[in-house]
Amino acid sequence: MGLLELFILAVGLSMDAFAVSVCKGLSVTKMEPKHALLCGAYFGGFQALMPALGYLLGSQFESMITRIDHWIAFVLLCFIGGSMIRESRSGEDGEEMDASFRPKEMLTMAVATSIDALAVGVTFAFLQVSLIPAVSTIGIITFLISVLGVKVGNVFGTKYKSKAEFTGGFILILIGGKILIEHLFF
């Protein structure tokens with residue numbers, strides 16, 4: 001996986017965190033830098049941790065699944081992307097509009113927004129992606145996008161939440177398709 005692909009994947013994965021960060025930004029009455037940095041640290045940290053855990057799990061099963069790894073990556077990425085698109089179209093605001101930045105709430109949201117990154121980490125093991133650059137890129141990109149999300153939410157509100165989720169889902173589906181096409185035809 002090249003640097004551009006990794007960057008695009010990181011942006012796609014960070015869209016859930018962006019949507020929650022927008023909601024957190026909307027919920028605070030007085031925006032402070034610590035709000036944005038806290039969201040960035042939680043979401044970026046977990047978006048980096050979960051693919052690493054997924055990679056470790058995937059590595060355990062790699063020898064049994066190498067013949068169908070591209071199909072697994074395709075199905076997982078399409079499922080995750082489809083879920084994100086479906087959620088963006090549901091019309092429901094699943095994110096809680098809570099101004100709390102307490103560790104328990106932030107931890108819960110960070111885990112919830114990074115479950116898809118766990119599945120991506122499994123595909124990293126099958127595709128033998130270099131783990132440290134991959135998780136570092138995902139974590140840094142998510143950190144930056146989450147910080148931006150808090151600021152955007154504070155300024156613009158939830159207007160762009162569903163568009164961000166849709167875009168993230170679409171990107172993951174495109175990456176899944178690219179992986180499948182590369183393995184089948186090249």
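**Tour of the helices and cores**

Start at Val120. Leaving aside neighbours within four places in sequence, Val120 is in contact with Leu9, Leu13, Leu77 and Ile80 (contact: heavy atoms within 4.5 Å). The model is predicted: local features need pLDDT of at least 70, side-chain atom pairs count only at pLDDT 80 or more, and totals for chains, interfaces and linings use all residues. Residues are numbered from 1 along each chain as its sequence is written, and side-chain values use heavy atoms, with hydrogens and water left out.

Next, select Leu9, Leu13, Val120, Phe124 and Leu172. These have the most contacts inside the largest nonpolar core, a set of 33 residues. A nonpolar core joins buried Ala, Val, Leu, Ile, Met, Phe, Trp, Tyr and Cys residues through side-chain atoms within 4.5 Å; buried means under 20% relative accessible area (1.4 Å probe, protein chains only). Helices 1 to 7 each give two or more residues to this core. Helix 6 gives the most, seven residues. Helices are DSSP runs (H or I, at least four residues), numbered from the N terminus.

Now pick Val20, Tyr42, Met109 and Ala110. They belong to a second, separate core of 13 residues.

Move to helix 5, residues 103-127. After helix 5 comes Gln128, with a positive phi near 55°.

Finish at Ser14, in the loop between helix 1 (3-13) and helix 2 (15-27). Ser14 is buried, at 0% relative accessible area. Beyond residues up to four places away in sequence, Ser14 touches Gln47, Ile141, Thr142 and Ile145.

Notes: Buried < 20%, exposed > 50% of the residue type's maximum accessible area, 1.4 Å probe, protein only.
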